[in-house]
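Here are a few notes from going through the model. Have it open alongside while you read.

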Amino acid sequence: MKILGKCLCGSITINCTNEPVKTVNCHCTMCRKVSGAAYSTFAMFLKNHVRVMGNSETHFSSSTLATRSFCSKCGSNTQFNYAGKHEYVYLPVGLFDPAVAIHPQENWYASTKLHWISDCNNLPEYEELPNG
Ligand SMILES: [Zn+2]
Ligand SMILES: [Zn+2]
């Protein structure tokens with residue numbers, strides 16, 4: 001099964017030839033900074049099952065072991081590579097259409113998880129942007 005993804009502006013496209021090995025929510029503080037969101041959800045693929053295409057990707061070493069990549073045009077996170085697991089690439093599930101098809105199976109860095117995340121299911125909901 002093919003899984004296709006792209007960044008917000010479409011300059012970077014991703015073609016995965018197999019299902020992810022697993023999908024995880026990462027609650028570490030670096031994922032929070034780089035995404036701007038409460039946590040990041042990554043699908044972990046074998047590298048040889050993934051092709052990333054496009055020439056607008058920029059790479060940033062967030063530690064001696066990790067490289068985070070993003071689109072230099074639109075700012076979308078595009079991939080995370082970890083030297084400790086060099087055979088895998090971690091792709092943000094938001095890149096895939098539809099992202100909803102890929103379910104997380106684990107929470108990583110639960111020690112730094114924001115305590116209010118579990119309360120969010122009880123908040124008022126709007127189908128789209130609310131007025132005011
Ligand atoms: Zn882009
Ligand atoms: Zn993380």
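1. Start with the hairpin: β1 and β2 make one, with 6 residues between them. Gly10 sits in the turn and has a positive phi of about 85°. Bear in mind that this is a predicted model.

2. Asn15 is the one to click on here, with Arg51 in β5 as its bridge partner.

3. Put together, that gives an open sheet of 3 strands in the order β1-β2-β5, with antiparallel pairing. The edges are β1 (3-6) and β5 (50-53), each of which pairs on one side only. Neighbouring strands in this sheet are turned by 15° against each other on average, ignoring direction.

4. Which residues of β2 are on its covered face, and which on the uncovered one? Ile14 and Cys16 are on the covered face, while Thr13 and Asn15 are on the uncovered one.

5. A word on Lys2, which lies in the segment before β1. Lys2 counts as exposed because it has 7 C-beta neighbours inside 10 Å, and the cut-off for exposed is 12 or fewer. Setting aside neighbours within four places in sequence, Lys2 is in contact with Asn15, Cys16 and Thr17. As for Tyr90, it is 88 residues from Lys2 in sequence and 16 Å away in space, C-alpha to C-alpha.

Methods:
Residues numbered from 1 in each chain as written. Chains lettered and ligands numbered in written order. Predicted model: local features only at pLDDT ≥ 70, side-chain atom pairs only at ≥ 80, totals over all residues. Pairing = 2+ DSSP bridges. Helix = DSSP H or I, 4+ residues; strand = E, 2+ residues; numbered from the N terminus. Axes fitted to C-alpha atoms, helices over the stretch in contact; angles between N-to-C directions. Buried ≥ 20, exposed ≤ 12 C-beta atoms within 10 Å, placed from the backbone. Contact = placed C-beta atoms within 7 Å.
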